[in-house]
Structures are given as structure tokens and as C-alpha cells.
Amino acid sequence: MNVKQFLSYIRYTLFPIIVYGIAIGLATGTIIWAYSLTVEFISEQSANIYAFFRANPVYVPLLFLSLATLAVISYFIILLAPEVTGSGVPYSEGVMRGLLPLRWLIALPAMILNSFISFIAGIPLGSEGPSILIGSCIGSGSNDIAIKGNRTRLAWKRQSITGGASAAFAVAFNAPLAGIIFALEEIHKRFSPMILLPASASVIVASITANVLTALTGHGISEVIFTEFNMLAEPTFRELPFLALLGLMMGLFSVLFSLLYNTVATGMNKTKIPAWLKILAVFLLTGIAGLFVADSIGSGGNVIRKIALMQLEWQPLLLLLCIKLILVVFCSNGGVTGGLFFPTLAIGAIFGGLTAKLFIAMGMNGDFYNMIVLISMCAFLGGVMRSPITAVVLIIEMTNTLTNDFWATCLVILLAYFIVELFNVEPIYDKLLGTILGKRNAGKKKKLVEYEIEIEENSFAVGRSVRDILWPANALVIKVKETDSQGNIIYRMDKDGERKIHVGDKFVIQAETSDPKEIYKQLCYIVKRPEFFNASPEFDGKNA
């Protein structure tokens, strides 16, 4: 790399990564820190409210009247901002992959308000999914504010959104490394420095910001969320048969849960039941469950702690597992706001508690009870979400454990993941994203369009590898156009995407799209020099 290339790298890559990372990290760390504290307070009040109604059944009609009112408010918020429906993760993934738009100025307050409504009602979903969409909105907003005077910065938008989402994940779980891996494994499903570096910068700044705020105020997410797992017995090869059996059981359980979830999702999408009625039914169902089984509502953090402390026998665990499965599946598919990460961990812990009790009855040493519960949480999350590496790192950071028994965790996850892949069940988030895209693109006809573009000086693409560019959705570089020494035009393929992009390069790009002009516009942000937009301030891709 010569001096000119080095200076270009500093100006067009390193400097934007640092600037965006600081801005997005500060904003995300502050907002998610405050959001998480508020969610914790609201969840505590929700538990107190249900306890009051259980102690005073004469007032129960007032509970259901309140839940119906909250359901109506939630429905109208979703009408205003459909982006906040459900977990928040599938929509965020669609945005980061370039498949969906994001009206961040509307979606940000709508997601915060609607998730608060869900949590005060006791909906058995988590705040981590909404946190990720909130982080995505912050990343998108930061990029939109920064583009003034330089439209080529729009090429950074998906990296900025990824940084915001990763930072939100990291702060919500107090798991910085898991936040970075989440961006690579779950969101983009590939490794690239142009994903890793922006995500890392935002995560580091956001985590520092949240920790500083916690130190200054004395309030925030604890360094280790589940301290109950701090003292784990170290497994030996005598426990290998139990671990192998656990891996098979967790794999089959993950498959059954995914099939149940996807079947209910398909069925509810095909029904002609109005959206408002589905939301109302979810709120009322939650109210009924909360009156009879206190541990069935909420995200499940308290349930995990009770299981770790062995406060629940197998009969209530079995009942809780059945109720949690029904509630989580129907609530998540009913259109209400709330995430799946914590509920998935809770279901994994319940199943793990039952399995650990079974293993002890079969002769396993009781000292390994918590180890089985913890590994079950990890394996179930990895199997259902298809993100085994994220699951392992997340559990390690949340519990500060799995140092000596890391091999046991990897063995169980490997077996569980193998079973899930063997059955080829569609991942839950992919299913949800497919449903969103299906509704949005209904009736639109796609066609195959080919573009020939030339790389201009000082454009976003210069100096990067082909694989490091987040090209428009469903767009693929199929040929590189070159001229040989005799002046003949020749075409080459770039199979692995490692080819560096230089000024004057010409690429032939194919895209399957229903909006060719939008694809052309996105390509221009990547390959055009800044002066192109200064000369065309109203550029909208109409000259495609």
C-alpha cells in the first residue's frame, strides 16, 4: 500500500468507522441503558399488579378491561408504524440486508412505547428484540444526519444500522463480544472486515457508555446477569453419555419448537382474523395465564433464576413448560411487540431443569444440575435461532462461566445443531422475515436486470474487496469488464470476491428486482464520486 492509498484508507474507511462508531455508540449506549432500566421497572410493576389481582379477585374485571384498552392502543401504534410488529429482529435483519426500508424517526418512539405497553401487560416476550430495532433506528438516523454535503455516505448506511443493532444487543445483554458475533453470524451470515469493524467500534463505545452511566448512577444491568450459575461443577468424561443424550434431546426439542412456531405462524397468517382481534386475544390470554400461573408471564428471567436455585419441582416445571410454549408461540405470532431471545433462554432452562432432574434419577451426580440447565439454555437458543456461536458467547458473558466445561457445551450444541440441520427446519427469524417480505411484495413482479457500472475516483467502492461491499439486495457481481493490451474487451469472473476494486474498473451486475431504478440509485451511492451528487442534488435514480 503506497502513501496515497494509505491516506485514502484513512479518509474513506478508518475515519468514517471511528466517527460513526463514536456517534452511534454514544447514542445507542445511552438510550438502551435507559430503556433497559425502564423495562426492568415496568416488569416489576407488572408482577405487582398481577399479584394484587390474584389477592383481590373481585377486581379481576378491571384487569381485563385495562388489558383490552392496552391492546387497542397497541393496535393503533402498529397501524402507524408496522415496523414494530413482533420481535424487531426480523425487520432489522431485512433492513440491514437491504430488503426493507426503515422510517427511523417514526419507528424509534413507536417501538419504545409499544414495548412498554407489552411489558406492563405481562406479555411473555423480551426487550432484547425491540432493543435491536431501536439500535437500528439510531444507526439509520445517525447516517441520515451525516449525509448532508456528501451523498456517498449513504453507502455506509447498512453498516451504520448494523453497528447500532450490534451495540443495542451488546448493551441489552451486557455482552459486547456476542453483539459483534451477532452481526456476523445472525444478521449478515458472513464474515467481512466492513461488517466487523463498524460493528466493533459501535459496540465498544456503547458498552463503555452504558458502564459509565451505571457507575455514575448506581443503576444499570449487572456485570453478570445470572450470578446463580457462577459455581459450576467441572464435568469429566464419566458425564459424556449424559451430555450426548442431552445434545440429541435438545436438537429434537429445538426441531419440535421450530415446527410448532412455523406452523402457528403460517396458520395465523392465512386466517382472516383482523389484526386488532389477534392482538386483543394475546393480551387477554396473557391476563388469564398471569392470574393462574405467575411465572408464565414476563420474559422469563426470574424463572431461570428459580430453576438455577432448584426452587421448582418437576411437576410445576412441566406445567410451566407447556404454558410457556403456548404463550410464547401465540404471542409472538399475534402481532404484539416483544422479542424472542429471553423467552427462548427461559424455555431452554425449563427443559434443561426437567432433563437435569431426569439425569439425576438415572444416576448423574446432582452437582451437575446447573451445568445441564445452562448448557440446555445455550443449545436451545443456538438450535432455534441457528446461531450456535452467538449462543455460546452470549451465555459465557451473561454468566461468567463455561471455562472448564467449554468442551461439554460445544459437544451438546454440535449435536443439537446437527439434528436441527438434519431435519432442515426453517429458522424462526428467516420465517418471520419471509412473512414480512411476502406481505410487502405481494403483487409485485420481479425481473432480472443487468447493470454495467464504472468505479469513479473517491467513491465508496475504491480500495475495497468485492465481498466487502454490501451491494443492493438480490444483486450480484457476475463479470468484471477489462481491456487487454491489444484493446480487446474481455470479461472475467470474480468467484471468491477477493478482487480489489480500483478507479476505472467496470462491473456487470445482475439484480432480481421489482424496482430497477432503486437498485441503480443504491449502486450510484457505492460507485459514484461525491461530485456526481453535488451536480445532481435531486438525484433519484430516474436515469437508470
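Trainee: Before I look at the surface, what are patches made of here?
Mentor: Patches are made of residues with over 30% relative accessible area and no salt bridge, and nonpolar side chains are joined within 5 Å. Keep in mind that this is a predicted model.

Trainee: Thanks! Which residues form a nonpolar patch on the surface?
Mentor: Ile10, Leu14, Ile18, Ile22 and Leu26 do, and together they have about 380 Å² of accessible area.

Trainee: Where is leucine 26 placed?
Mentor: Leucine 26 sits in helix H1, which covers residues 3-55. Its relative accessibility is 44%, so leucine 26 counts as partly exposed.

Trainee: Let's go inside. How many residues does the largest nonpolar core have?
Mentor: That core has 130 residues. Those with the most contacts inside it are Phe257, Phe283, Ile307, Phe341 and Met377.

Trainee: And which helix gives the largest share of this core?
Mentor: Helix H14, residues 369-385, with 13 residues.

Trainee: Switching to glutamine 159: buried or exposed?
Mentor: Glutamine 159 counts as buried because its relative accessibility is 4%, and the cut-off for buried is under 20%. You'll find glutamine 159 in helix H6, residues 157-173.

Trainee: What are the contacts of glutamine 159, again without residues up to four places away in sequence?
Mentor: On that count, glutamine 159 touches Met194, Pro198, Phe460, Asp468 and Leu470.

Trainee: Now the backbone. What is phi of methionine 310?
Mentor: Phi of methionine 310 is near 55°, a positive value in a residue that is not glycine.

Trainee: Why would I flag that?
Mentor: Because most residues other than glycine have a negative phi.

Trainee: Where does methionine 310 lie?
Mentor: In the loop between helix H11 (301-308) and helix H12 (314-332). Methionine 310 counts as partly exposed, because its relative accessibility is 44%.

Trainee: What about phi of asparagine 474?
Mentor: Asparagine 474 is not a glycine either, yet its phi is positive, at about 65°. Asparagine 474 is placed in the loop between strand S1 (447-454) and strand S2 (475-483).

Key
Residues are numbered from 1 along each chain as its sequence is written. This is a predicted model: local features need pLDDT of at least 70, side-chain atom pairs count only at pLDDT 80 or more; totals for chains, interfaces and linings use all residues. Side-chain values use heavy atoms; hydrogens and water are left out. Helices (H or I, at least four residues) and strands (E, at least two) are DSSP runs, numbered from the N terminus. Buried means under 20% relative accessible area, exposed over 50%, partly exposed in between (1.4 Å probe, protein chains only). Contact means heavy atoms within 4.5 Å. Patches are made of residues with over 30% relative accessible area and no salt bridge: like charges are joined within 9 Å, nonpolar side chains (Val, Leu, Ile, Met, Phe, Trp, Tyr) within 5 Å. Accessible areas come from the Shrake-Rupley method with a 1.4 Å probe; for residues, only the protein chains shown count as cover. A salt bridge is a side-chain nitrogen of Lys or Arg within 4 Å of a carboxyl oxygen of Asp or Glu. A nonpolar core is a set of buried Ala, Val, Leu, Ile, Met, Phe, Trp, Tyr and Cys residues joined through side-chain atoms within 4.5 Å.
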